Amino acid sequence: MKQVHILIPAYNPDEKLLHIVEEVLAANFSVIVVDDGSEVGLEIFDELKRFPSCCVLHHAINLGKG
C-alpha cells in the first residue's frame, strides 16, 4: 500500500496546528507542513519537527500559496 501524505499550509500557527498534526499522524498518514513565511508561532514548527512522519518546509516570505 502506498503512503498517503497530508499537506497542511500554515501561517502564524498556534497550538491548534499541533493537535491537528497529532490527529493526522494517529490516523497513519504522513504530514507535510508548509510555513508560508510566518512571523509568529515559529516554535510550533520546531515542535512539529520532533515527529518522524512530519516534514516541515519553510517559505522565507509569505507567498499566499502554502
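**Briefing: a parallel sheet and its helices**

Proline 9 stands opposite valine 34 in strand E2. The structure is a predicted model. Its open sheet has three strands in the order E1-E2-E3, paired in the parallel sense. E1 and strand E3 (54–59) stand at the edges with a single partner strand each, so one side of each has no neighbour in the sheet. On average, neighbouring strands of this sheet are turned by 20° against each other, direction ignored.

**Pairing of the strands**

- Strands of a sheet pair through backbone hydrogen bonds, in either a parallel or an antiparallel sense.
- Strand E1 covers residues 5–10 and strand E2 residues 30–36, and the two pair in the parallel sense over six bridges.
- Histidine 5 has serine 30 in E2 as its bridge partner, while the bridge partner of alanine 10 in E2 is aspartate 35.
- E2 also pairs with E3 in the parallel sense, over six bridges.
- In this pairing, isoleucine 32 has cysteine 55 in E3 as its bridge partner.
- Six of the seven residues of E2 are buried, so this strand is largely enclosed by the rest of the structure.

**Crossovers between the strands**

- E1, helix H1 (residues 15–26) and E2 form a right-handed β-α-β unit.
- From E2 the chain crosses through H2 to E3, and this β-α-β crossover is right-handed.

**Helix H1**

- H1 lies across E1, E2 and E3 and runs at about 155° to E2.
- The twelve residues of H1 should span 16 Å at 1.5 Å a residue, and the end C-alpha atoms are 17 Å apart, which agrees.
- Which residues of H1 are buried? They are Leu17, Leu18, Val21, Val24 and Leu25.
- These residues cover an arc of only 130° around the axis, which puts them on the same side of H1.
- The buried residues of H1 pack against E1, E2, helix H2 (42–48) and E3.
- The face of H1 turned away from the buried side carries the exposed residues Lys16, Glu23 and Ala26.

**Two asparagines in loops**

- Asparagine 12 is placed in the loop between E1 and H1.
- The phi of asparagine 12 is near 50°, a positive value in a residue other than glycine.
- Is asparagine 12 buried, partly exposed or exposed? With a relative accessibility of 27%, asparagine 12 counts as partly exposed, because values between 20% and 50% fall in that class.
- Asparagine 28 lies in the loop between H1 and E2.
- Asparagine 28 has a positive phi of about 70°, although it is not a glycine.
- The relative accessible area of asparagine 28 is 65%, so this residue is exposed.

**Histidine 59**

- Histidine 59 and valine 34 are 25 residues apart along the chain, and their C-alpha atoms are separated by 7.5 Å.
- Valine 34, in E2, is also the residue that stands opposite proline 9.

Key
Residues numbered from 1 in each chain as written. Predicted model: local features only at pLDDT ≥ 70, side-chain atom pairs only at ≥ 80, totals over all residues. Heavy atoms only, no water. Pairing = 2+ DSSP bridges. Helix = DSSP H or I, 4+ residues; strand = E, 2+ residues; numbered from the N terminus. Right-handed = clockwise from strand over helix to strand, strands pointing away. Axes fitted to C-alpha atoms, helices over the stretch in contact; angles between N-to-C directions. Contact = heavy atoms within 4.5 Å. Expected span 1.5 Å × (residues − 1). Buried < 20%, exposed > 50% of the residue type's maximum accessible area, 1.4 Å probe, protein only. Arc of directions from axis to C-beta.
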